[in-house]
Structure formats: structure tokens, C-alpha cells
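Hello,

Here is the structure I said I would pass on.

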Amino acid sequence: MPGATDQFDLKDVRAGKADPEYVDLLRRVLAIQSDCEIGGPHLYVDTMLPEAPLKMDRLVVARTSAEEIDHFRKFAAIGGDLGVDVSYILSRNNPERYLEAFRGTITTWEDFAVFGFLIDRVGRYQLEEFMGCSYAPLAAVVEHPSRVMDEEAGHIDYGTTRTAELAAMGGEQRERIQRSVDFWYVTGLDMFGSATSKRAERYRHYGLKRRTNEEARRQYIAEVDPLIRQMGLVVPDPNKGRKFV
Amino acid sequence: MFDATPIREPLDEFLREVVRALHAAVNRGIQGLRSDPAETDKTLADCKELLDVVMAGHVSEWIATDEGPAKQAYR
């Protein structure tokens, strides 16, 4: 029987070589990741595809959505191989999504920009957890030659650039983008989960994740706070409005 | 022991085709920005049509399996 952090392949899991708890955690993380990938387009396609400021921006909304749908497809395929059908996620209503960040609707260009800047960046942290993880097909989705991480980096760069541009306009525009940062910053911090999560420890035990929730959150704060200040914006209170600490 | 879900392959194929069509439309739209604005408007309409289908999530209309979709949902 392989150890807790050996790397498994599909045939190992199908042959019963993995602990049932491991398989259950794997299925769960695939369902959540699938939900997060398709959750983004569900937030902004209806509103931003027709209402983004420029035609080029609308094309970026379409391209971003295409890439997120493709990421969903890849995680859904891994789940499907493990006997998990996540197709119900495609039609669920936003309020039913696993993470709070995907339960509303994005109705302003400021929110779309900051979503890319802050929330897609949290998504990159979540995906980084799978690099070299103990389930080989999952690791392969985020490792070279897969384009998933590059595509996520593109979403983050686009959101960061648009956020900086809007902040640089000053006046009311700056106030609007600050309000978006205020909202998404704490939402993003909560996405890392509770610092005392027992399940997160089990993910690490089995090599499905590397960092603790709090480690990842601290690294994220260290990355984004300077960026927010460079834009001339105010870093929100990291404890105000938080649901998971 | 378990097998892949019946929906795994057809869903993968359907979404792969949608993504391919979306990328093709976006690329045409970007080219149109320089030379043919009407083409960009058309490709944006194409993107909307494709994305509306995926966002509606009517999986049973996209694919057909003996067991039907979403019977083994993991929630």
C-alpha cells in the first residue's frame, strides 16, 4: 500500500490502492474546483459581455470565459474518470456555489477588473496547490505543458492593469474602484478558508495541498497589499467583514 | 472499483467544441477591430450565443447517454 503522500494515478485509485478518505477528498476538491472555474463566467457573462467599455474588452470577457469553461472541462474530466459527475454544477444558481465569491453577480466594470486582479489571483494560489500533488492527473492540469496557469496569469494581469488604470483616473472613478477593492479584498481572504480547518489538514496529509490556509493567505496578502498601494489605493482592513479567520 | 461516468466523454467533447468555437470567434473579432468593425459585432453576437448555451447548463440537451446526465452527482 503506497504511503499517504505517494503519487497516485487513475489506475491506482481504481485498483483500491488509495485510502477511501483520500478518494473522498479528491472527489470533493475536484467538485469545488470545477465550481470555481465555471463560477466566474456565471458572475459576469450576462452583464459584461454586452456592457464592457470597449469592443476589445468584450472580446476579452468572451476569451476569459472560454478559458474558464475549458478549465472546468479539464477538472470535470478528472472527476468523471473517478466516477464523479459534476455536470450539475453547470446549471446551479449562483447562490448555491461552494464559495461566497461566486454567489452574486458582477454588474460593473470596476468589479470585473478587481475580480481579475484579486479573485483570479486567489484562484492561482488554489491551483498552485495542485502542482506536484499526490494525484498525477490533477497535477498534470496545472503543470507544463498545460496552459491553465498561463491563462490564469493572463486574467490576473488584465484585471490588474484595468484596476490600475481606473485608479489612476482619480476622483469619482478612484472612489468606485476603491469600493470594489474593499469588497473583493475581504472576499478573497475568506476564499482561503478557516485557519483552523481540519479538512485542510487532511488535504495536506494526503499531499493534495501543500500550504496551510493561513500560510497561503499570508503570502497572498504580502503579494497584493503592495500592488494596491502602488495603485494609490488604500489596503482594506483585513479583518473587517471577514467570515473565516 | 468504479468506472468513468457515462457523461464524461460526451461532455468533454461538447465543451471542447464550444471552447474551440469561442476562441475562433474571438480571434476573428480581434482581427475585425482593425479592418472590419461589422465582423467584430457579428463575432461578439456569436460569442454571446455560444456562452448563453453553456451558461444555461442544459446538459441533457447537449449530450445523450443511456443513463442520462447528472445521475451520479457528487454534492
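In this predicted model, the axes of α1(B) and α2(B) cross at roughly 160° and come within 8 Å. Angles over 145 degrees count as roughly antiparallel, so α1(B) is roughly antiparallel to α2(B). The crossing of α1(B) past α2(B) is left-handed. On the α1(B) side, the residues that meet α2(B) include B:Val18, B:Ala21, B:Leu22, B:Ala25, B:Val26 and B:Leu33, along with the glycines B:Gly29 and B:Gly32. Their counterparts in α2(B) include B:Pro37, B:Thr40, B:Thr43, B:Leu44, B:Cys47, B:Leu50 and B:Val54.

Helix α2(B) itself covers residues 37-56. At 1.5 Å a residue, its 20 residues should span 28 Å, and the end C-alpha atoms are 29 Å apart, which agrees. Which residues of α2(B) are buried? They are B:Thr40, B:Thr43, B:Leu44, B:Cys47, B:Leu50, B:Leu51 and B:Val54. Viewed down the helix axis, these buried residues fall within an arc of 130°, so they line one face of α2(B). On the other side of α2(B), the exposed residues are B:Ala38, B:Glu49, B:Asp52 and B:Ala56. Just after the helix, B:Gly57 has a positive phi of about 70°. For background, most residues other than glycine have a negative phi.

What covers the buried residues of α2(B)? The cover includes α1 (8-35) of chain B together with α2 (20-51) and α3 (55-81) of chain A. Of these, α3(A) packs against α2(B) at an angle of about 30°, with the two axes 11 Å apart. This crossing is also left-handed, as α3(A) passes α2(B). In α3(A), the contact is made by A:Lys55, A:Arg58, A:Ala62, A:Ser65 and A:Ile69. In α2(B), B:Thr40, B:Leu44, B:Cys47, B:Leu51 and B:Val54 take part.

As for the contact between the two chains, 35 residues come from chain B and 31 residues from chain A. On the chain B side, α1 and α2 each supply at least two residues. The most comes from α1(B), which gives 13 residues to the side that touches chain A.

Some totals for chain B. The chain has three helices and zero strands, in the pattern α-α-α along the sequence. Of its 75 residues, 27% are buried. Taking the contacts in chain B between residues at least 6 apart in sequence, 50% join residues at least 24 apart.

Two other places in chain A are on my list. Helix α6 (residues 148-168) and helix α7 (residues 171-191) of chain A pack at an angle of about 140°, and their axes are 7 Å apart. That makes α6(A) and α7(A) oblique to each other. A:Thr163, A:Leu166 and A:Ala167 of α6(A) make this contact with A:Gln173, A:Arg174 and A:Ile177 of α7(A).

The other place is a peptide bond. Where is A:Pro145? A:Pro145 sits in the loop between α5 (136-142) and α6 of chain A. The bond joining A:His144 and A:Pro145 is cis, with omega about 10°. Most peptide bonds are trans.

Regards

Note on methods
Residues numbered from 1 in each chain as written. Chains lettered and ligands numbered in written order. Predicted model: local features only at pLDDT ≥ 70, side-chain atom pairs only at ≥ 80, totals over all residues. Helix = DSSP H or I, 4+ residues; strand = E, 2+ residues; numbered from the N terminus. Expected span 1.5 Å × (residues − 1). Buried ≥ 20, exposed ≤ 12 C-beta atoms within 10 Å, placed from the backbone. Arc of directions from axis to C-beta. Contact = placed C-beta atoms within 7 Å. Axes fitted to C-alpha atoms, helices over the stretch in contact; angles between N-to-C directions. Parallel < 35°, antiparallel > 145°, perpendicular 65-115°, else oblique. Left-handed = near helix turned anticlockwise from the far one by under 90°.
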